[in-house]
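Look at the structure below and follow its parts one at a time. The text starts with a pocket, goes on to a pair of helices and ends with a sheet.

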Amino acid sequence: MRYIIALLFWAGAAQAQMIETSLELVFLADGSGSIDAEELRFQRQGYADAIQSAEVLAAIADTAYGHIAVVYLEWATNQAVVADWTLIDGPEAAAAFAAKLDGPRAVFGRNAIGAALLEGQRQIDTNQFDGFRHVIDFSGDSIGNSSGPPIELARQEVLDQGTVINALPILRPDSGRRAGANLEAEYETRIIGGPGAFMVTAESRETFGAAVQRKMFLEISGQMPATDYAAR
């Protein structure tokens with residue numbers, strides 16, 4: 001009887017330590033070999049600028065709790081946390097999170113998208129937050145999966161947990177769309193999923209920052225873009 005009471009007390013204490021928030025948002029960014037050092041820096045800066053933008057901060061303030069929890073991971077053959085889970089409740093928290101994105105390369109190798117999606121879900125399952133919504137924000141410039149679990153199985157496992165997967169396909173018009181002309185269609189059918197899932201395409205390096213900000217605003221506010229690339 002004492003053992004049961006102790007277990008119930010421990011479970012209640014653990015639950016009490018969870019921080020309720022409007023959204024748990026995983027930024028799952030491509031850090032594979034197709035992304036060179038300059039592109040990696042540019043990509044991180046896009047997310048740093050977006051999380052600090054007036055539009056995104058206004059969207060966060062307008063959520064039910066007035067704050068969200070975010071984490072930034074990069075993926076390749078392996079996955080690594082670049083900026084750990086942070087509660088974003090205003091400009092200071094956003095700036096602190098953005099500052100963590102200024103660091104050395106964290107991952108190496110080729111694509112392992114299935115493993116990346118599963119790591120994104122693991123981050124949601126094991127953090128200290130209890131979000132009303134769970135979203136993985138996946139970005140990449142290809143659909144290759146050179147190692148690890150198949151994309152389809154990993155994606156379904158994530159969706160079965162109630163997590164929404166949105167995507168940001170990165171096109172390369174200057175290199176013949178490095179991943180092929182059908183990257184948007186591939187991401188639509190094989191990556192995004194869950195209620196209200198969508199993707200916003202970064203057509204070029206020049207439009208990447210604007211695409212990140214737009215996508216971040218939409219997924220925080222719970223809106224869907226006026227686009228053909230929404231989950232059906």
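**A pocket, a helix pair and a sheet**

Helix H2, residues 37-52, gives the most to the lining of the second largest pocket, contributing 7 residues. The model shown here is predicted.

Two packed helices are described by the angle between their axes and the distance between the axes. For H2 and helix H8 (residues 205-221), the angle is about 35° and the axes are 9 Å apart. The crossing of H2 and H8 is right-handed. On the H2 side, the residues that meet H8 are Glu38, Arg41, Phe42, Gln43, Gly46, Tyr47, Ala50 and Ile51. On the H8 side, they are Arg205, Phe208, Val212, Gln213 and Met216. By class, this contact of H2 with H8 has 7 nonpolar, 3 polar and 3 charged residues.

In what order do the strands of the open sheet lie? The order of its 5 strands is E3-E2-E1-E4-E5, and the pairing is mixed. Strand E3 (79-88) and strand E5 (164-169) are the edge strands, each pairing on one side only. From one strand to the next, the twist averages 20°.

Strand E2 (residues 68-75) and E3 run antiparallel and are joined by 7 bridges. A hairpin of 3 residues connects E2 to E3. Alanine 69 stands opposite leucine 87 in E3, and valine 70 stands opposite threonine 86 in E3. In a regular strand the side chains alternate between the two faces of the sheet.

Lastly, a helix lies across part of the sheet. Helix H4 (residues 91-99) lies across strand E1 (19-30), E2 and E3, and runs at about 170° to E3.

Definitions and conventions
Residues are numbered from 1 along each chain as its sequence is written. This is a predicted model: local features need pLDDT of at least 70, side-chain atom pairs count only at pLDDT 80 or more; totals for chains, interfaces and linings use all residues. Side-chain values use heavy atoms; hydrogens and water are left out. Two strands pair if DSSP finds at least two bridges between them. Helices (H or I, at least four residues) and strands (E, at least two) are DSSP runs, numbered from the N terminus. Axes are lines fitted to C-alpha atoms, for helices over the stretch in contact, and angles run from 0 to 180 degrees between N-to-C directions. Contact means heavy atoms within 4.5 Å. A crossing is left-handed if the near helix is turned anticlockwise from the far one by less than a right angle, and right-handed if clockwise. Ala, Val, Leu, Ile, Met, Phe, Trp, Tyr, Cys and Pro count as nonpolar, Asp, Glu, Lys and Arg as charged, and the others, Gly among them, as polar.
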